[in-house]
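Trainee: Could you walk me through how the pieces of this model sit together? I would like to go helix by helix and then look at the sheet.

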Amino acid sequence: MDKNYKKEGKYSYYEAGEGTPIVILHGLMGGLSNFDAVAQYFPTKGYKVVIPDLPIYTQSILKTNVKSFAKYVKDFITFKGFEEVILLGNSLGGHIALYHTKLYPEKVKGLVITGSSGLYESAMGDSYPKRGDYEYIKKKAEDVFYDPKIATPELIDEVYATVNDRIKLIKTLTIAKSAIRHNMAKDLPKMTTETCIIWGKNDAVTPPNVAEEFDKLLPNSTLYWIDKCGHAAMMEHPQEFNTLLEDWLVKKNL
């Protein structure tokens, strides 16, 4: 990923390929590497893949909310000079993508959400995060996936470091509250953007009925399931995720 990683002005981002831009938004505990498979595949299919680093832990506390992150994405799209983009988001990134689409529909050619928050907010867990307790954090990280082995020691260490950083912890809880405040149930029926919903059948963070609810409320949505799959389908079943997404893009002529 390194050779395609750029820093320009206030933005840091990964970029590869040429063509219609697919702008990818990572989740709260997720990094750019969660989308390795997408980032390698779609540039070979005539798309430009762009993954900005979201300022989840670097914005002032007043700007640590879903709406401010959606505005940040809009400013980034403008900065890059993109007329229209396909937005793809996982977890909190899906919520930001949805909120951005609500505010700036003219910028979004197509929307892709997977394990997205925005309707159901146990996404942060009730007793989460407990600081200091490594085994608890390990279990929480493993619960994100159907196959707990996907939660590598590196990934668990990263989550552990985040929840043991006081400022990051406060911001994590601020974002959790913001996600509840910015519930999208009333907005979705008015959002006509073509939307692809890819969901793990075994997602314990945002359960399958959340995907069904998104599908019911969004006027132009298509719902795809991935079996034996948790909250991060693009990590757990990368090939299947890419195939479903490509099929949808072709079908919708995007």
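Trainee: Which residues in helix 2 meet which residues in helix 3?

Mentor: Before that, a word of care: this is a predicted model, in which local features need pLDDT of at least 70 and side-chain atom pairs count only at pLDDT 80 or more, whereas totals for chains, interfaces and linings use all residues. Residues are numbered from 1 along each chain as its sequence is written, and side-chain values use heavy atoms, with hydrogens and water left out. From helix 2, Val66, Lys67, Phe69, Ala70, Val73, Lys74 and Ile77 are in contact (heavy atoms within 4.5 Å) with Leu92, His95, Ile96, Tyr99, His100 and Leu103 of helix 3. By class, these residues divide into 9 nonpolar, 2 polar and 2 charged, where Ala, Val, Leu, Ile, Met, Phe, Trp, Tyr, Cys and Pro count as nonpolar, Asp, Glu, Lys and Arg as charged, and the others, Gly among them, as polar.

Trainee: And at what angle do helix 2 and helix 3 pack?

Mentor: Helix 2 and helix 3 (residues 92–103) pack at about 70 degrees, with their axes 8 Å apart; the axes are lines fitted to C-alpha atoms, for helices over the stretch in contact, and angles run from 0 to 180 degrees between N-to-C directions. That makes helix 2 roughly perpendicular to helix 3, given that angles under 35 degrees count as roughly parallel, over 145 as roughly antiparallel, 65 to 115 as roughly perpendicular and the rest as oblique. Helices here are DSSP runs of H or I with at least four residues, strands are runs of E with at least two, and both are numbered from the N terminus.

Trainee: OK, what about helix 4 and helix 5, how are they oriented to each other?

Mentor: They are oblique to each other, packing at an angle of about 120 degrees with their axes 9 Å apart. Tyr134, Ile137, Lys138 and Ala141 in helix 4 touch a set in helix 5 that includes Pro153, Leu155 and Tyr160. The contact of helix 4 with helix 5 has 9 nonpolar, no polar and 2 charged residues.

Trainee: Switching to the sheet, in what order do the strands come?

Mentor: The order is 1-2-4-3-5-6-7-8, so the 8 strands form an open sheet with mixed pairing, two strands being paired if DSSP finds at least two bridges between them. Strand 1 (5–8) and strand 8 (221–226) stand at the edges, each with a single partner strand, so one side of each has no neighbour in the sheet. On average, neighbouring strands are turned by 20 degrees against each other, direction ignored.

Trainee: Is strand 2 buried or exposed?

Mentor: Strand 2 has 6 of its 6 residues buried, so it is largely enclosed by the rest of the structure; buried means under 20% relative accessible area, exposed over 50% and partly exposed in between, with a 1.4 Å probe and protein chains only. Tyr11, Tyr13 and Glu15 lie on one side and Ser12, Tyr14 and Ala16 on the other. In a regular strand the side chains alternate between the two faces of the sheet.

Trainee: How does strand 2 pair with strand 1?

Mentor: Strand 1 and strand 2 run antiparallel and are joined by 4 bridges, with Glu8 opposite Tyr11.

Trainee: Last one, which helix lies across strand 2?

Mentor: Helix 2 (residues 66–80) does, running at about 60 degrees to strand 2, and it also lies across strand 1, strand 3, strand 4 and strand 5.
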